[in-house]
Amino acid sequence: MSVAPAISRDAMIVVVGAGLAGLSAASCLLQAGFQHVKILEANEQVGGRVCTTKPFTENIIELGANWIHGQKGNPLFRIAKEHHLLSEDSSETSRDYFFKDGGKHLSVNLADQVVSLFKKLITKASDEELGRKYRDMNLGDYLDLSFAESPLAMSEDGPRIFEWCKRSECSDEAASSLFEVSASQISDYIDLDGDFFNSLGSRGYQAILDVLLKDVPSEIILTSKPVKRIQWDLNKISLGTKSRERSHPIKIICENEESFEADHVLVTVSLGVLKQHAGAMFEPALPKSKMDAIERLGFGTVDKIFLCFSERFWPEDCAGIQLVWDEGPEDKAVYGSQTEEDGWKKTWICGFDTVARHPTVLCGWITGREALHMETLQDSEVGNTCVKLLRSFTGWSVPDVSQVLISRWGHDPWVFGSYSFIPKGVNGVRRQKALAAALPLQSETSESKPLQVLFAGEATHVNFYTTTHGAYLSGIREAQRLINHYSDKALCP
């Protein structure tokens, strides 16, 4: 590993956030020879939106990030493979069971056909193959119009299963509805080659964190240090009628008033945190282009509801119990009539999936405003509602739930959501590049100023937003930007 010039070794660098973006950046900077790197993490533990727990047994549960998406070119997949962290369970014999309210078990053949068509339509949008008439549409309208051209739309239950597919896709998009997501711009997201859903082994995502933490000395990570203000461009301070040059142009102030001076600060907090606090966090204020990006990019909530039962009540070949509603929130007519009343809360859960290494646990997925409402309820109320749904839809003898575990990312003060998406009418690439731009912007002045404030995180990545590898790579990108500031050598892997 080459070492950067001596000038970089003295640079004071503060990384705000110890998620995958912050840890990858810090590791890269340290390997490049920077000697004065600190990480300020608001939470008591590192990891950001990675949250591996053991609430029920000695086996792990992932409250946050769940999979590694794609293989070829994915640095997290490479790390997992090199360190033998991937799951060895390759069983593909199980399948989803689809039920309508009242206990009707829907045809496996029909469900397979509708799900297959839905995947083809999503792939078409992702591969930039949309016809001109679809390009300015939201994703929900594009899917509805395309499905209407299929004979499956004329079947009794086909449209209902298709609505379930759209509700399920909302979890991938972290959106309340596909009618709020751009149809054409999902093509900017790149699916890496190889399996899309790669599961980790018995240590879960924590094992990935442990690998990264080996390259980051524990003493440079300061936890429970939420940052409330970043003062930058402090070239001079006034002392009466005199002024003198500051030794460092940046001051980071934490909630407890503890402060840190720096030459560079890398901000890796979530887009949700920026939406809540960016207006007051930065002095001077962020430029309009960056504030516009923060406002216009979407940042949604996806939660998990884990139900632990005393015994298993679903068949051995069941991978999930999916709930197909007669009228669902992704029906255009229902979506258009929804209000803030209780009506939309009745259709909040798509279904329940089985959980690896937990034979008596199911995981329900919930997204958008339904997730935010769910987060306000007691665990017991959520668990009882889920059991009622399972009984009503399957007709099976479903026991009372013994334990409930719920994620609440939307109300987490250090995240305020799960991951980003591109709303309809927003130029995603333009806004993501503006969000990632380092300060001061070079266009602000003809005088070239050194880098001061940098930004990383999944929402700043044009092609891999929403993903853990997008977060990781954005940290590498900004570390390399700093390395290039002092040297023209590429030092990060």
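A: A salt bridge is a side-chain nitrogen of Lys or Arg within 4 Å of a carboxyl oxygen of Asp or Glu. Asp-331 forms one with Arg-160, and their closest N and O atoms are 2.6 Å apart. Asp-331 sits in the loop between β17 (318-324) and α10 (332-337), and Arg-160 is in helix α6, so the pair ties together parts 171 residues apart in sequence. Helices are DSSP runs of H or I with at least four residues, strands are runs of E with at least two, and both are numbered from the N terminus.

Q: What should I know about the model and its numbering?

A: This is a predicted model: local features need pLDDT of at least 70, side-chain atom pairs count only at pLDDT 80 or more, and totals for chains, interfaces and linings use all residues. Residues are numbered from 1 along each chain as its sequence is written, and side-chain values use heavy atoms, with hydrogens and water left out.

Q: Are Asp-331 and Arg-160 buried or exposed?

A: Buried means under 20% relative accessible area, exposed means over 50%, and partly exposed lies in between (1.4 Å probe, protein chains only). Both Asp-331 and Arg-160 are buried.

Q: How many salt bridges does a search of the whole structure find?

A: The search finds 21. One of them joins Lys-104 and Glu-156, with the closest N and O atoms 4.0 Å apart. Lys-104 is in strand β6 (residues 104-105) and Glu-156 in the loop between α5 and α6, so this pair links distant parts of the chain, 52 residues apart.

Q: How accessible are Lys-104 and Glu-156?A: Lys-104 is partly exposed, at a relative accessible area of 36%. Glu-156 is exposed, at 63%.

Q: Which residues are linked in a network of salt bridges?

A: The network links Lys-100, Lys-104, Glu-156, Asp-157 and Asp-326.

Q: What about the salt bridge of Arg-312 and Glu-316?

A: Their side chains meet at 3.8 Å, N to O. Arg-312 counts as partly exposed, at 28% relative accessibility. Glu-316 is exposed, with a relative accessible area of 68%.

Q: Next, helix packing. Where do the axes of α5 and α6 come, and at what angle do they cross?

A: Axes are lines fitted to C-alpha atoms, for helices over the stretch in contact, and angles run from 0 to 180 degrees between N-to-C directions. The axes of α5 (residues 139-148) and α6 (residues 158-173) come within 12 Å and cross at roughly 155 degrees. That makes the two helices roughly antiparallel. Angles over 145 degrees count as roughly antiparallel, under 35 as roughly parallel, 65 to 115 as roughly perpendicular, and the rest as oblique.

Q: Which residues make the contact?

A: Contact means heavy atoms within 4.5 Å. From α5 come Leu-139, Gly-140, Leu-143, Asp-144 and Phe-147. From α6 come Gly-158, Pro-159, Phe-162, Lys-166 and Glu-173.

Q: Finally, a single residue. Is Gly-298 buried or exposed?

A: Gly-298 is buried, with a relative accessible area of 6%. Its place is in strand β15 (residues 298-300). Not counting residues up to four places away in sequence, Gly-298 touches Leu-271, Tyr-419, Ser-420, Phe-421 and Pro-423. Gly-298 and Lys-275 are 23 residues apart in sequence and 9.8 Å apart in space, C-alpha to C-alpha.
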